[in-house]
Amino acid sequence: MTKYAFLIPLLPLLAFVLIVFFFRWKEKLSSLFAIAMIIISWVMSVMVLLETIARHGAPYEAFYQFINLPKFILEIGILVDPLTAVMLMVVTTVGACVEVYSIGYMHGDPRFSRFFAYLSLFLFSMLGLVVANNFFMIFIFWELVGLTSYLLIGFWFEKKSAADACKKAFITTRVGDLGFLVGLFMMGFYLGTFNYGGVFEKVAAGVVPAGILTLMAIFVFGGAVGKSAQFPLHVWLPDAMEGPTPVSALIHAATMVAAGVYLVARSITLYVGSTEASLVVAVIGIVTSVMAATIALVQNDIKRVLAYSTISQLGYMIMALGLYGYDTSLGHHSAGFYAGTFHLMTHAFFKGLLFLGAGSVIHAVHTNDIQDMGGLLSKTKITAYTFMIASLSISGIFPFSGFWSKDEVIASTGGHPIFMFLTLVVAFMTAFYMWRLCFLTFFGKPRDQHRFEHAHESPKVMTVPLMILAFLSIFAGWVGLPWLSNGFSSFVFHGEAYKTEASWLMMTISTIVAGSGIVVAYLMYYKKVISPERMMERFKPIYTLLYNKYYFDELYQVGVLNPVMAFGRLMWKFDAKVIDGLVNFTGWFTIVWADIQQWFDKWIIDGAVNGSGWLVRQGANVLKFIQSGSMQFYALFILTGIVLFGIFKFELVFISYRWPTLSIIFILSVVLLAGVSRMIQGGYETNENAESEE
Amino acid sequence: MLLSSLIFVPLIGMIVVMLIPKDKFSTIRWTSTIFSMIPMFTSFWITWDYFFNYSGSAAMAYVEGPFKWIPSLNVHYFLGVDGISVPLLFLTGLLSTISIVASFGINKRVKEYFAFFLLLEASMMGVFVSLDFFLFYVFWEIMLVPMYFLIGIWGGPRKEYAAIKFFLYTLFGSIFMLVSILIVYFTSQPHTLNILTLIKQGSALPYTLQMVCFIFFFISFGVKVPIWPLHTWLPDAHVEAPTAVSVILAGVLLKMGTYAMLRISWPMFPKALHSLSFWIAVIGVIAIIYGALVSMAQKDLKKLVAYSSVSHMGYCMVALAAYTSATAITGCMFQMVSHGLITGALFLLVGVLYDRAHTREIAVFGGLSSKLPVYSGIMLLFSMAALGLPGMSGFVSEFMIFIGSFGVLNKVLVSIAVLGVVLGATYMLRMVQKVFLGEFNLERWGGLTDINLREIITVAPLAVLVIAIGVYPKPLADLMSATIQHFITLVVR
């Protein structure tokens with residue numbers, strides 16, 4: 001079956017294509033076909049997982065050439081190793097649950113079929129990302145999940161907030177992808193391959209200088225920061241909650257946002273090779289985790305609380321992976337890799353469940369605001385109980401699956417007191433805000449009587465997926481029981497297997513921390529012993545800061561978006577006024593120059609021509625009278641000539657040659673003679689010749 | 001004969017169209033469609049045949065001539081194609097037919113329109129198959145004439161301005177080309193205008209002369225690309241031109257610039273290229289970022305697409321600067337083809353909307369997705385292709401360009417160019433959001449109808465190709481790999 005693992009992503013793609021082109025008009029068929037495809041994929045994933053276990057995790061790889069270039073070959077292929085097999089399971093399981101749930105949730109939506117088409121496209125992209133055998137291919141699917149996320153966040157695009165949110169999500173993650181791309185270019189340049197095996201081999205062999213490797217690892221991590229909504233690119237994820245809730249569950253909680261974690265886990269060799277890069281990863285992870293948890297404490301939108309919780313938990317995983325790289329590069333043992341991937345898996349189940357549960361609640365009361373809820377336990381029993389199971393799981397209460405994975409994450413901070421302290425703080429806050437949510441939603445008196453009365457439990461098609469995920473939220477973590485000799489840790493191990501040991505001290509501490517978080521929430525929101533309002537008043541500035549999410553959105557608006565847009569407009573002005581201005585000026589100048597030329601041509605050059613013509617004509621007008629045809633006149637003319645000649649001949653003796661004077665006198669005398677001749681002839685034949693010149 | 005037929009069939013078509021009575025619109029339309037389909041299928045066949053029979057070597061295929069044309073000047077009729085011209089022939093053939101079909105809505109002076117269009121097609125084909133400078137120059141210049149009239153007669157409100165600007169700008173470039181051609185002609189021994197011979201001899205030119213010729217050619221080809229800052233004719237011409245002409249402008253004409261660089265000035269003057277490559281890269285990077293930023297500020301749909309062309313052709317310039325990398329040059333070719341397909345489709349789609357709404361102002365639309373789902377879906381597909389989404393051709397070309405140039409050019413410079421990826425997403429998605437998402441203005445746009453079958457037929461082949469190249473680019477890369485290898489040996493002399 002592993003051989004056919006490439007079909008696992010292709011089946012949902014088939015669903016997408018068929019729905020878009022053929023089934024679009026038949027809603028029932030569209031949804032059922034999409035679900036059938038993902039269930040087949042799920043069955044195949046189970047078989048692949050079993051086979052991988054049977055092979056003891058030996059990887060399977062197959063590929064075809066995407067493009068063949070002299071320096072290197074880009075390929076598209078599949079790699080099935082334990083990490084892949086586990087991810088396939090996670091994605092298909094949550095995917096199938098979400099699709100079934102969507103039948104109920106999206107019931108009556110005018111774009112029902114389209115929703116299933118998009119979900120199928122997403123599953124194709126996500127599964128493709130998971131089975132990829134090289135960094136180039138993972139990037140392709142990385143972008144495709146971004147596209148589907150864009151489409152699904154903007155599914156209800158008539159809402160301005162949704163339209164804004166999808167654009168924001170796409171562009172923000174693309175900023176991270178920029179880093180990923182540059183990382184890929186460095187990989188291509190320094191390593192000449194994108195294949196996981198090839199890259200890791202060369203990195204392990206030390207082909208790349210340490211500085212370059214660090215840079216490369218950090219750039220690749222940039223992609224993870226975008227996709228997994230890590231600080232400082234986390235701003236898109238809360239807004240992404242504008243999408244339909246099943247989407248939030250599948251994409252923005254369980255699978256796509258985990259892709260960043262998956263990427264870091266996949267390329268862990270890069271981080272093992274670079275202590276600095278690992279440290280960056282770990283620090284970003286913990287900063288994100290703490291930041292998001294603090295924001296989640298005060299939010300009132302049920303989905304946004306969960307969104308910040310997701311960011312926080314992803315930070316956890318990222319930190320664990322970073323610490324693994326850090327410790328391993330220094331030669332220490334670390335549980336980080338195992339903890340990160342383990343938490344990735346369990347988180348997918350319980351966070352998917354939380355979102356679906358939230359969707360069920362929203363379906364019941366038609367609001368996202370927890371201040372308008374309350375007392376829903378009696379109305380929506382299954383939703384409430386499954387939600388609380390997930391809450392216990394995420395809080396890390398024994399023996400829910402979250403307990404085991406969270407414990408490992410905390411354990412991976414061993415030897416780093418600051419990290420350990422902060423992870424415990426986050427664990428406390430997580431328990432607190434989750435149970436704040438639970439108590440405000442399901443317990444107490446209904447705060448909005450009207451909504452409460454109309455609330456009802458969701459249909460079976462929605463509650464069954466909840467129950468399945470609840471089951472997994474309890475038991476999925478048991479594959480990683482520290483007492484199992486061949487549990488999760490030895491299955492997904494990377495490099496040297498990490499032998500997990502049950503640390504009773506750790507377990508006790510984390511349970512106490514989580515339990516106290518729940519207790520505080522209980523006291524504040526159930527027993528009302530501590531007044532939340534008074535706390536709010538007391539810590540007003542902090543509350544405001546947290547409520548406004550540290551003003552990140554405003555900061556980016558003022559610091560990044562506005563300047564870029566302004567710069568764009570400036571460039572546009574520059575283009576229109578300066579560059580095009582120069583072009584138009586050249587054109588204008590040419591025209592003006594041409595006008596000057598034309599004037600010059602008309603009055604000076606042609607003027608000279610016409611002037612000489614005029615001169616000739618005038619001269620001719622005068623001289624023509626010499627040609628009178630009168631014998632007497634000619635005789636007189638000759639006589640004058642002789643006389644003049646005589647005079648000048650005589651003068652020559654004294655004054656030598658003066659040709660100019662001579663000629664002037666000659667011409668004058670000719671003119672004089674002409675005048676005389678005219679007088680003699682008395683205006684004879686005057687006007688006819690005037691126009692003869694052309 | 002195949003290559004000649006590419007030029008002469010449209011020419012014959014033009015004559016036939018001119019003989020049809022001018023009020024028989026439908027006859028004129030279908031005649032020109034048929035006469036543009038013949039060269040289209042010929043170009044498909046050439047692509048197919050070239051791929052299987054000739055792509056293994058860099059030698060010119062389907063060579064015709066050299067036949068003596070003007071013996072005293074040593075001018076020959078000399079045609080031939082190789083791996084870098086075949087994809088462009090394919091593109092020209094396809095886009096010409098698509099444009100003609102997309103022009104069926106033209107009702108003003110129909111006969112002249114289609115006659116000019118066929119002349120345009122003939123001259124474009126001529127540019128891509130000529131191997132003689134004189135011939136090349138003739139086709140390069142002839143192309144201006146139908147283009148001038150197509151913009152000037154059938155264009156938008158500022159058509160005269162746009163047409164004359166386009167005409168003069170290109171002519172301005174052509175002067176430089178003519179001077180360079182004369183220089184290489186008179187310095188060659190014996191005097192020849194054979195491009196292949198000149199490439200062989202070209203490297204023997206003294207350095208200064210190489211620089212002069214290279215820069216002159218660069219300016220003249222650069223106007224067509226258009227390189228920054230010689231690009232301002234493009235937005236005006238694109239915006240004012242009728243839809244089909246914009247398609248040809250963006251899809252084919254811009255490629256003539258980059259093609260000519262690959263075919264002529266790059267291999268002919270390797271020394272000059274070597275000293276100037278950094279600055280070419282800088283110009284390319286400026287175009288990428290600048291074009292994207294300016295696109296972001298556009299209010300007119302067509303102008304946005306036009307400026308995105310400036311940005312996209314910037315990628316080609318970056319790739320051309322990284323001339324020693326076969327990957328980058330292959331990427332450049334991919335970008336040329338891909339940009340032709342994607343931008344061609346975007347112009348067609350903008351035209352579809354304009355035909356219905358009679359405005360292209362981004363701000364007046366909104367929420368079209370709910371009323372025009374098919375149109376919006378197709379537009380979204382091409383917007384995604386334009387912003388370089390994987391699975392489509394734009395991604396493949398951008399990726400190859402970056403990865404090829406990263407190893408050759410200044411790494412910081414390339415990293416800056418990568419910013420274009422985010423900016424590209426920004427302006428495209430901003431447009432998508434404003435036009436297709438949000439609330440639908442039922443009162444104003446309630447009468448809009450979705451894209452019709454004829455319009456779907458015009459964009460469908462482009463969509464198929466964009467996805468096909470994006471999913472399986474290997475055949476296209478294989479088709480030109482030998483030629484590009486040969487090209488590299490020529491430029492690294």
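Predicted model: local features only at pLDDT ≥ 70, side-chain atom pairs only at ≥ 80, totals over all residues.
Me: How many helices and strands does chain A come to?
Reply: Chain A has 27 helices and two strands.

Me: Is chain A a compact globule or more spread out, and why?
Reply: More spread out, because its radius of gyration is 44 Å, well over the 26 Å that the globule rule gives for 694 residues.

Me: What box do the C-alpha atoms of chain A fill?
Reply: Roughly 150 × 65 × 60 Å, along the principal axes.

Me: What percentage of chain A is buried?
Reply: Buried residues make up 51% of the 694.

Me: And what about contacts along the sequence in chain A?
Reply: Take contacts between residues at least 6 apart in sequence. Of these, 80% join residues at least 24 apart.

Me: Switching to helix pairs. How do α15 and α17 of chain A cross?
Reply: Helix α15(A) covers residues 336-365 and helix α17(A) covers 401-412. Their axes come within 8 Å and cross at roughly 150°. That is over 145 degrees, so α15(A) and α17(A) are roughly antiparallel. The crossing is left-handed.

Me: Which residues make that contact?
Reply: From α15(A), they include A:Phe342, A:His343, A:Phe349 and A:Phe350. From α17(A), they include A:Ser405, A:Lys406, A:Glu408 and A:Val409. By class, the contact of α15(A) with α17(A) has seven nonpolar, seven polar and two charged residues.

Me: What about α3 and α10 of chain A?
Reply: Helix α3(A) is residues 82-105, and helix α10(A) is residues 245-254. The axes come within 8 Å and cross at roughly 165°. That makes α3(A) and α10(A) roughly antiparallel.

Me: Is that crossing left-handed or right-handed?
Reply: The crossing of α3(A) and α10(A) is right-handed.

Me: Which residues meet there?
Reply: On α3(A), A:Val94, A:Gly95, A:Val98, A:Tyr101, A:Ser102 and A:Tyr105. On α10(A), A:Thr245, A:Pro246, A:Ala249, A:Leu250 and A:Ala254. The contact of α3(A) with α10(A) divides into eight nonpolar, three polar and no charged residues.

Me: New topic: how many residues does each chain give to the contact between A and B?
Reply: Chain B gives 40 residues and chain A gives 38.

Me: Which elements of chain B give two or more residues?
Reply: They are α12 (270-296), α14 (326-357), α15 (368-371), α17 (393-408), α18 (411-436) and α21 (474-491) of chain B. The largest share, ten residues, comes from α18(B).

Me: And the classes on that side?
Reply: The side of chain B that touches chain A has 23 nonpolar, 13 polar and four charged residues.

Methods: Residues numbered from 1 in each chain as written. Chains lettered and ligands numbered in written order. Helix = DSSP H or I, 4+ residues; strand = E, 2+ residues; numbered from the N terminus. Rg over C-alpha atoms; globule rule 2.2 N^0.38 Å. Buried ≥ 20, exposed ≤ 12 C-beta atoms within 10 Å, placed from the backbone. Contact = placed C-beta atoms within 7 Å. Axes fitted to C-alpha atoms, helices over the stretch in contact; angles between N-to-C directions. Parallel < 35°, antiparallel > 145°, perpendicular 65-115°, else oblique. Left-handed = near helix turned anticlockwise from the far one by under 90°. Nonpolar A, V, L, I, M, F, W, Y, C, P; charged D, E, K, R; others polar.
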